[in-house]
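Please keep the sequence and the structure in view while reading.

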Amino acid sequence: DTVRTKGDTVVEWGVKRGDRSFPWRGEGLRAGDVLAFRYTTKLRYLLVFSVEDSGRVSVFFADETGQRSRLIPPGRRRTLGKGVELDDYAGAERLYVLFSKAPVTVRDVRRAVAGRLATAGAAARRRLELGPLGLPGEVQSWLITREKTP
């Protein structure tokens with residue numbers, strides 16, 4: 001109850017690796033890691049997706065059709081009911097969490113990412129510094145590194 005947040009929307013996330021769990025603090029991630037998310041928001045829709053340095057967009061959390069953002073209950077420090085288990089991709093990846101007042105389609109997300117990749121310089125593309133995607137709502141993102149499993 002003593003935690004204060006700035007802004008209306010906040011995302012916290014952590015990693016479960018084997019039998020231990022920890023808040024993500026920039027560590028490399030690997031196949032089999034499970035990402036768990038907690039949010040605070042007044043907005044009603046959520047979409048979790050990522051962009052790999054190859055340009056591939058992966059959708060992790062959407063509605064039951066997989067085609068648009070999911071209706072969520074607004075609230076404080078609510079946990080998503082499902083984690084995201086990472087596959088064996090290795091490389092740079094930008095993880096996005098998009099909150100909005102109305103649903104956003106995955107098609108619009110893919111178009112926005114493709115547009116930003118097409119206009120970004122080579123160095124920005126390598127670092128996945130895409131800038132604003134032009135999608136409605138509030139977006140938070142993190143650059144993560146996916147390591148090969150030892």
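**Strands, rings and cores**

Val 15 has Leu 35 in strand 4 as its bridge partner, where strands (E, at least two residues) are DSSP runs numbered from the N terminus. The model is a predicted one, in which local features need pLDDT of at least 70 and side-chain atom pairs count only at pLDDT 80 or more, whereas totals for chains, interfaces and linings use all residues. Residues are numbered from 1 along each chain as its sequence is written, and side-chain values use heavy atoms, with hydrogens and water left out.

**Strand pairing** (two strands pair if DSSP finds at least two bridges between them)

- Strand 1 and strand 4 pair in the antiparallel sense over seven bridges.
- Strand 4 also pairs antiparallel with strand 8 (residues 75-79) over three bridges, and there Thr 41 has Gly 75 as its bridge partner.
- Strand 4 is joined by two bridges to strand 9 (residues 84-85), again in the antiparallel sense, with Val 34 opposite Glu 85.

**Aromatic pairs** (rings of Phe, Tyr and Trp, the last by its six-membered ring, with centres within 6.5 Å; planes under 30 degrees apart count as stacked, over 60 as edge-to-face and the rest as tilted)

- The whole structure holds five aromatic pairs, among them the edge-to-face pair of Trp 13 and Trp 142, with 5.8 Å centre to centre and 70° between the planes.
- That pair links distant parts of the chain, since Trp 13 lies in strand 1 (residues 10-17) and Trp 142 in strand 11 (residues 138-147), 129 residues apart.
- Trp 13 counts as buried at 9% relative accessibility, and Trp 142 is buried at 17%, where buried means under 20% relative accessible area, exposed over 50% and partly exposed in between (1.4 Å probe, protein chains only).
- The ring centres of Phe 49 and Tyr 96 are 4.8 Å apart with the planes at 10°, so this pair is stacked.
- Ring pairs also link Trp 13, Trp 24, Phe 37 and Trp 142 into a cluster.

**Nonpolar cores** (sets of buried Ala, Val, Leu, Ile, Met, Phe, Trp, Tyr and Cys residues joined through side-chain atoms within 4.5 Å)

- The largest nonpolar core has 23 residues, of which Trp 13, Leu 35, Phe 37 and Val 48 touch the most other members.
- Apart from this core lies another, of 18 residues, including Leu 47, Leu 98, Leu 117 and Leu 133.

How values were computed: Helix = DSSP H or I, 4+ residues; strand = E, 2+ residues; numbered from the N terminus.
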